[in-house]
Each structure stands twice: as C-alpha cells, then as structure tokens.
Amino acid sequence: MNQPLLAISPTQDRVMVLDYVRDYVERIVGLMGVHGSAVHVVRHVLLVGVAVLAAWLAELFCRKVVLPAVLRLTAHTRAKWDDIIFSRTVIVSACHIIPAVVVWLLLPLVFYQYALVEELLSRATAVYIVVMTARLALAVIDALHALDTGHRRTSAQQYFHSLCGVLKIFVVFVAVIVVTAIVIGRSPLSLLAGLGATSAVMMLVFKDTISGLVAGVRLTSNNMLHKGDWITFDKAGINGVVEEMSLTTVKVRNFDNTIVTVAPTTLVSDSFQNWKGMQQSGGRRVKRVLYFDFHSIAVADDALKRHLVEQGMFTDKELTGRHVNMTLFRQYAERYIMHLEEVNPEMTLMVRQLEATTTGLPVEFYFFLREKAWVTYEHQLADIMDSIYAVVPEFGLRIYQQYPDQAGV
C-alpha cells in the first residue's frame, strides 16, 4: 500500500531552496581551489552576489515585464478607474518592495554563520519593506483621490474624500508602530496595547484632525457644503468657489483669485451663505431700490394721461378714472419686467413700495433673471434698470438725488 506524501510547508520549502543554493555555492568554492581562511571570504562574497543578483533580477522583472504588462492591460479596458489605480506611480512603488523581500528571504542564506549581522540586517530590511509598503498604500490613496475629477462633489464623494484623509493618517500611524516594534524587537500588538496610557496625548495631537473630520461629516451629511459650491463668509473674507475640502481646511478661491483657507469647524460653528440653491434654481434674484422725491408724486392729469397713451405705455381704457403717477409707474414697470425674455415670470416678480424715509419714497424692484453667470447677470440687470431709469420722467416723477451742498443736512 502506497504511503501518502508528507505535506511540505512553505517554510520547509524555503529551507530546502536555501540549502540547495548553499550547497551549490560550496561546490563553486571547491572548484575554485580556495583553501584556508579565504574559503569564508569567497563563500560570503558569492552568497552576497547571489542575493544582490536575485534582488536585481526581481526588480528587473517587475519593471520590464510586470509594469508594461499591467499598463498595457489597463490601457485596453474601457474603464478609467483602473488607469488611475494601477498607474505607473503605484506600480513603481510596488516594484520597490519585491527586491527588498527577496533580500530579506536570502539573508539567512548569506549570514547563516553570523547571527547578529543577520538579525541587524533583517530588521533594517524589514523596516525598509514597511516604509515602502506604507508608501505604496499612500500612493493608492492618492490615486483614489484622482478619481474625483468633477467640479462639484456629491455627499458620497466628500465622505470618500474625508475617508481617504483618515486612511492616510491610519497608514502612517500603523507604519510608525510597526517600524518602532521592529527596531526594539517587540510585537506591534504589545505596543498598541501600551498606547492606552498615552491616549490623552494622542487626542491632543490629533485634536484638529478629529474636530475637522467631525465638522466635515456634518457639512456633507447636512448637505451644507460641497466642492464647487459658491459661498460667502464675511468674517473670513470669503466670497468665491470651494476648491478643496480636507480634514482640517476648506480652501476657497475668491473671485479676485485670492485663496482663503478656513477650518471646517469654523464654518460649522458660525454662519455662512451657500449660493448653490440659487445656482440650481430657475433664476438669480434682483433686488434694487429707487428713492423718489415726494414732491413729484401727484394725481395724473389729462396731459400726463394723454402723453402716456401716445408713448404706448397705456391705453385710454386703462387710464379711465383717477390715477396717481406713482401707481401708473409701478404698474408699467412691473408689466415691462414681466415681458422681458431675460426674466423668469414663474418666480416672484413685483414692484412694491417700502416704508417712507427722509430721503424719499423707496420703491423696490424684485424679480429673478434666468441668467446666473455673474458677468452676464450684471449686464442684463444694468440694461433693465437703465430702461426703468429712463422712463421715470415720462410719469412726471423725479428720483431723489442728494447734491453736494445738501451733504450733512
């Protein structure tokens, strides 16, 4: 009856390979005819050469075979995310780890007679592997950031953006713990267990980060702020578009192209104005006030009525009865604005009187323009108001104006 083959573990397999390489090097040393104390020197030189050659071949294989193959594979797919996640930067970062792993595996072969040297070099190589692994993880997280290329960021994207910031901190924190554990020769879990005593210090160090994360979650979860929003915050001198949101800062480019940064906690604890609702609505509000001289307000006489009919502003039927010139002006202005193509008549539109003041009777023009882009909006608004200013004398009205000699009166 055949006996079952014994299972060979990966560790046993590795030992067998190292023994085979060691025996092969011993044969080469014997063939070279080296004797005496020179045998140890030649043997270690050959073993070091084998380790260096293996590491170089591993890196060469990664750069010349794996890297082009992955880039070629991702280039032939329709998806864009794989081009970003498996970018050249990410793959090159991964290629830096493979040679170090090869060296770390071959160290017992090279320095099997020098345990102290092997231990020191193993720790140094392990530290290098941890650092390069952390660098690879950070490169992947940065690549994930590149997936967010839109001008405006949704709540889910902002959560993901904030999560990437937390992951970066976590990766660096874990890498520091593991490197420290390797250097002092202790288990990383024991170091983590000992951090309970220093938790207060850690909370103090990362206070701004934790507060920023909580504030960022509140901003996005309540749909208060996203990348691409136009906000105004007078206390911080902000009047522009949000360019970036991170755990600790919100970066805004003002319309004068200055960059202002403010902490998310400041926005949450105070009040700021977000114009996203206006941008998503059917129009941008116009709210202008004209002040009229009280002495020019009067009952419209026949001459004024006839003049308004001749100008095509009213019909004879509309002017039957008693009318005040201010009333006629408000009716005409409201009708004129309502029929303009630039104005959205489905939104609030009115010309109303406000409470009288010592500087005249204020009349407010309240309506919404369809155009929301700043430059075009201002031009259309100016054209409409210019037309209204021009017809005021047609109604026998005068706009209140303070002359220089009236200043301080």
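Asn 257 counts as exposed, at 56% relative accessibility, where exposed means over 50% relative accessible area, buried under 20%, and partly exposed in between (1.4 Å probe, protein chains only). The model is predicted, so local features need pLDDT of at least 70 and side-chain atom pairs count only at pLDDT 80 or more, while totals for chains, interfaces and linings use all residues. Residues are numbered from 1 along each chain as its sequence is written, and side-chain values use heavy atoms, with hydrogens and water left out.

**Overall organisation**

- The chain holds 15 helices and eight strands; helices (H or I, at least four residues) and strands (E, at least two) are DSSP runs, numbered from the N terminus.
- The chain has 409 residues, of which 33% count as buried.
- Among contacts between residues at least 6 apart in sequence, 63% join residues at least 24 apart, a contact being heavy atoms within 4.5 Å.

- Asn 257 lies in the loop between E3 and strand E4 (259-262).
- The phi of Asn 257 is near 70°, a positive value in a residue other than glycine.
- Most residues other than glycine have a negative phi.

**Largest pocket**

- The largest pocket contains about 280 Å³ of space. A pocket is defined on a 1 Å grid over the protein atoms alone, as an open set of points where a 1.4 Å probe fits, with protein on both sides within 12 Å along at least five of seven lines; lining residues have an atom within 4 Å of a point. Grid points are joined across faces, edges and corners, and the volume is the space filled by probe spheres set on the points.
- Its lining comprises 15 residues, and those nearest the centre of the pocket are Trp 275, Arg 284, Arg 285, Val 286 and Tyr 377.
- Strand E6 (284-292) and helix H15 (374-391) are the elements that give two or more residues to this lining. E6 gives the most, with five residues.
- By class, the lining has seven nonpolar, three polar and five charged residues. Ala, Val, Leu, Ile, Met, Phe, Trp, Tyr, Cys and Pro count as nonpolar, Asp, Glu, Lys and Arg as charged, and the others, Gly among them, as polar.

**Helix H13**

- In helix H13 (residues 302-310), the buried residues are Leu 304, Lys 305 and Leu 308. They lie on the same side of H13, because they cover an arc of only 100° around the axis, the arc being that of the directions from the helix axis to the C-beta atoms.
- An α-helix has 3.6 residues a turn, so residues three or four places apart point the same way.
- The buried residues of H13 pack against helix H14 (325-338).
- Asp 302 and Glu 310 are exposed residues on the face of H13 turned away from its buried side.

**Salt bridges**

- The count comes to eight salt bridges, each being a side-chain nitrogen of Lys or Arg within 4 Å of a carboxyl oxygen of Asp or Glu.
- Glu 243 pairs with Arg 253, the closest N and O atoms being 2.6 Å apart. The pair links strand E2 (residues 238-245), which holds Glu 243, to strand E3 (residues 250-254), which holds Arg 253, 10 residues apart. Glu 243 is partly exposed at 28% relative accessibility, and Arg 253 is partly exposed at 32%.
- Arg 398 and Asp 293 form a salt bridge (3.3 Å, N to O). Arg 398 lies in the segment after H15 and Asp 293 in the loop between E6 and H13, so the pair ties together parts that are 105 residues apart in sequence. Asp 293 counts as buried at 19% relative accessibility, whereas Arg 398 is partly exposed at 43%.
- Glu 364 and Arg 352 meet in a salt bridge (2.6 Å, N to O). Because Glu 364 lies in strand E8 (residues 361-369) and Arg 352 in strand E7 (residues 350-353), the pair ties together parts that are 12 residues apart in sequence. Glu 364 is buried, with a relative accessible area of 2%, and Arg 352 is partly exposed at 34% relative accessibility.

**Ser 122**

- Ser 122 is in helix H6 (residues 115-146) and counts as buried at 15% relative accessibility.
- Not counting residues up to four places away in sequence, Ser 122 touches Trp 104 and Leu 107.
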